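Please read these notes with the model open beside you. They are numbered so that each point can be checked on its own.

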Amino acid sequence: MRKKLLVPLLVIAFVFGSIVSGHANSTYFGNVGMTYPAAMGTQIYSCTLCHAASGPPNLNPYGNDFAAAGHNFQTIESKDSDGDGFNNITEINAGTFPGDATSHPAPATPPPAPTPAPIPTPIPTPIPTPMGMQMPSGKFMFPYPAVSSPVMSSDPAQAMPIGVGPVAQGGNSLTLQVNLGQFLSPMDVYAGWGISTDPDKLYFLNSNYSIQTFTFSEVIQALSSGTLPAGVGPWKSAVMEPVNETLVNGLPVSQLGPGTYTLFLLTTPAGSPANFYIWRTSFDVAGMDGTALYAQNCSGCHGNIATSTKLGRSSSAIQSAITSNAGGSMGSLNYLATAQIDAIADALIAVIPPVPMPSVRKSYSYPATDFPVVDPDPSKTRPIGVGPVSLGGDTVDLQFSLGRFISPVDIYFALGVPTDANNLYIIKKDSTIQVYPKQNLLAAAFFGALPSAVMSGGIQPWKTGVEGPIDEHLFSAPISQIAPGVYSLYVMVTVANDPSTYYAWETQFGGSYAPDGATLYGQNCAGCHGPLATSTKIGRTATQIQTAINTMSAMSGLSSLTSAQVQAIAGVLAAQTPPPPPPVPTTTDGPTLYGQYCASCHGALASSAKAGRTAAQISAAINTVGAMSGLPSLTTAQVEAIATALGQQTPPPPTTTDGPTLYGQYCASCHGALASSTKAGRTATQISAAIANPSYPMGSLSSLTSAQVQAIATALASQSPSPTPVPSGHPSNWRSTHGDYVEKNGTVSCTSCHGADLRGGSGPSCYSCHGKRW
């Protein structure tokens, strides 16, 4: 699964080479405001909520319970940490300290002593109290566990206005409902959510049901001062009437990324967020089944996952292929969520055989690559990909992928920056950065040791005791935002707790890059146009290549190439010596030319399927039919000679009306034997329409009489139609696209749509799906 490192730290390390550190406790303090907005601005919104009066690091009873609960406030809400008779959530709502027994809500006032009953007086008829929710008189938070359906109440503490459907009981679908009763005064209603995998983001629902994103910190800071961030608008404005809406109905949770989803509803007096009610609930989504997702979305083109042609592909590589519509078909997977792509990538790495444990100290250096390469052979492994900058692009996109190991390993990750050549910046487990002298570290590693992590300044691993696989996205930025120069990236894998043996990889990026045209051609062009030395596109200019990318569907997947990369490809194409042109025929003998250029597809001249074709029709076909694109070297006179030869062929009209005989003479060569004809069941009307259609190669049958056409139809009617078989290696949906076309139009060769060399004609290149394996 991909994870984000602390991106600001890497940015600072890249640009300034400075040291940044932080304390995790500040995160816990910030979470107080997120969990209990009503506490902001009160006495308990301070360090002494969890720490003893003597100050950090000493904890009070509430702080100890908080730590024991894995730093989860909600888990300990029902406890009475300080033993004063009030549970923690009651004290927090009252603004008293749940870790200090001397601080607690005031006890309830005892009932007054009974007094003699007064002399009864007439009781006036009471005025009915209006049913509805009162305006908030302060800041109140009401958390509750996920429920399937909303629960209405005029008491805000009893209301549970958000229901999540079956997922509340561990089901596999989300039905999101909001149900609030009537208010006594106009209220603004805000709706939104957050997800644990990106904890600093809150998403608000606008009145037009579009979505706006704000950082958690700016929302909390604004609420603490009685406002909301600029741009946050209510979902419902100045409402008093009940709210009852279904926002999501039956959404499979498989379409959501894994994590904890927190939903909130905020109501404030109309136009004034100084006081509010917030209701909060949450539900969990488990991880995705990457193997099942691969089978559903990828196996049709790339084969069974165990033998996939895409083993080891990282999440970033898959997403890039989808975004750029690689092969002209990957764009159709743009509905996949990030978590689903992560799961597919994890599955593609997991089926690769494990990497053997390091038994010696071995280092590998490799040129910068766009994406990581996962392989069971350490010498072929490329654990770090740096994105487009590796090919001369203008973006750094760091990704890390590594296969499984037989036993647990520790992983160290370090960065060398051009602004500080003497130090290495080591990423620690908590994603903070540790600076260590480069010379000392490399020398220690050479002798199979690392400075002790126990000692001050000791080296700490990025990941400890892992077996993998690992697939993470680390950092992304335009190169214009980082300091110029060469950056070095180091990864070292050791046996867990034993750095005496290791695998170490080093790569670099930066400096003054010029795109490598030969590499770019091999990655993006060779699959359709052949090796660079014998390319069918030698001499193409950058303008021609860019025009083809913009206008040809088979090349739309290359739209992500920069102008510099296109120019680099054009440069290497211009440097190749074009192959000698095929010899231009000199004869103008029509029958000879027909035999050389036409008979292989259209049969012998005497029985040609193109008898009677004119020079204009032949020229038009050369320009438009992919299978005839190899004939432009014919001169006008030679085309005329072929047309003359075809015009002299006037086979005598058939006299028989025997359907099987007529079919055998005029149809079997294209559509197969009658018993297994691809046109079984065709009617006389359909046959006549095909003969009359100039796009079909059946014009030579126009001499058939209506009785003879009917006889052929009668013979075909006696045959049971058989479905067009799916060719070996094609996906199961082939028939619904190609097969029906073949059956309908009688196409017997892929070349009629996909070009003489299958690289594209009226249809796309077969290489779009098959790649270089075709």
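1. Two strands pair if DSSP finds at least two bridges between them. Helices (H or I, at least four residues) and strands (E, at least two) are DSSP runs, numbered from the N terminus. With these terms, strand E11 (residues 361-365) and strand E20 (residues 498-510) run parallel and are joined by 5 bridges. Arg361 stands opposite Tyr502 in E20.

2. This is a predicted model, in which local features need pLDDT of at least 70 and side-chain atom pairs count only at pLDDT 80 or more, while totals for chains, interfaces and linings use all residues. Residues are numbered from 1 along each chain as its sequence is written, and side-chain values use heavy atoms, with hydrogens and water left out.

3. E20 also pairs with strand E19 (residues 486-495), in the antiparallel sense and over 10 bridges. Ser488 has Gln508 of E20 as its bridge partner. The hairpin of E19 and E20 has 2 residues between the strands, and Asn497 there takes a positive phi near 65 degrees.

4. Next, the nonpolar cores. A nonpolar core is a set of buried Ala, Val, Leu, Ile, Met, Phe, Trp, Tyr and Cys residues joined through side-chain atoms within 4.5 Å. Buried means under 20% relative accessible area, exposed over 50%, and partly exposed in between (1.4 Å probe, protein chains only). The largest core has 48 residues, of which Trp235, Leu265, Trp279, Phe283 and Ile344 touch the most other members. Among the elements that give two or more residues to this core are strand E9 (259-269), strand E10 (276-285) and helix H9 (338-350). H9 gives the most, with 7 residues. A second, separate core of 33 residues includes Val396, Phe400, Val409 and Val493.

5. What is Phe283 in contact with, leaving aside its neighbours within four places in sequence? Contact means heavy atoms within 4.5 Å. The list includes Ala146, Val164, Leu174, Leu256 and Tyr261.

6. Aromatic rings come next. Rings of Phe, Tyr and Trp (its six-membered ring) pair if their centres lie within 6.5 Å; planes under 30 degrees apart count as stacked, over 60 as edge-to-face and the rest as tilted. The count comes to 17 aromatic pairs. One of them, Phe400 with Phe413, is edge-to-face, at 6.5 Å centre to centre and 65 degrees between the planes. Phe400 lies in strand E13 (residues 395-402) and Phe413 in strand E14 (residues 409-417), so this pair ties together parts 13 residues apart in sequence. Phe413 also forms a tilted pair with Trp462, at 5.5 Å and 40 degrees. Both Phe413 and Trp462 are buried.

7. Which residues form one aromatic cluster? They are Phe140, Phe142, Tyr277 and Trp279.

8. Last, the charged side chains. A salt bridge is a side-chain nitrogen of Lys or Arg within 4 Å of a carboxyl oxygen of Asp or Glu; the count is 3. Asp65 and Lys79 form one, with the closest N and O atoms 3.4 Å apart. Asp65 is buried, at 17% relative accessible area, whereas Lys79 is partly exposed, at 38%. Glu245 bridges to Lys236 at 2.2 Å between the closest N and O atoms, and Glu472 to Lys463 at 2.7 Å.

9. A charge sits over a ring if NZ of Lys or CZ of Arg is within 6 Å of the ring centre and within 35 degrees of the ring normal. Lys236 lies over the face of Trp235, at 4.8 Å from the ring centre. Lys463 lies over the face of Trp462, at 4.5 Å.
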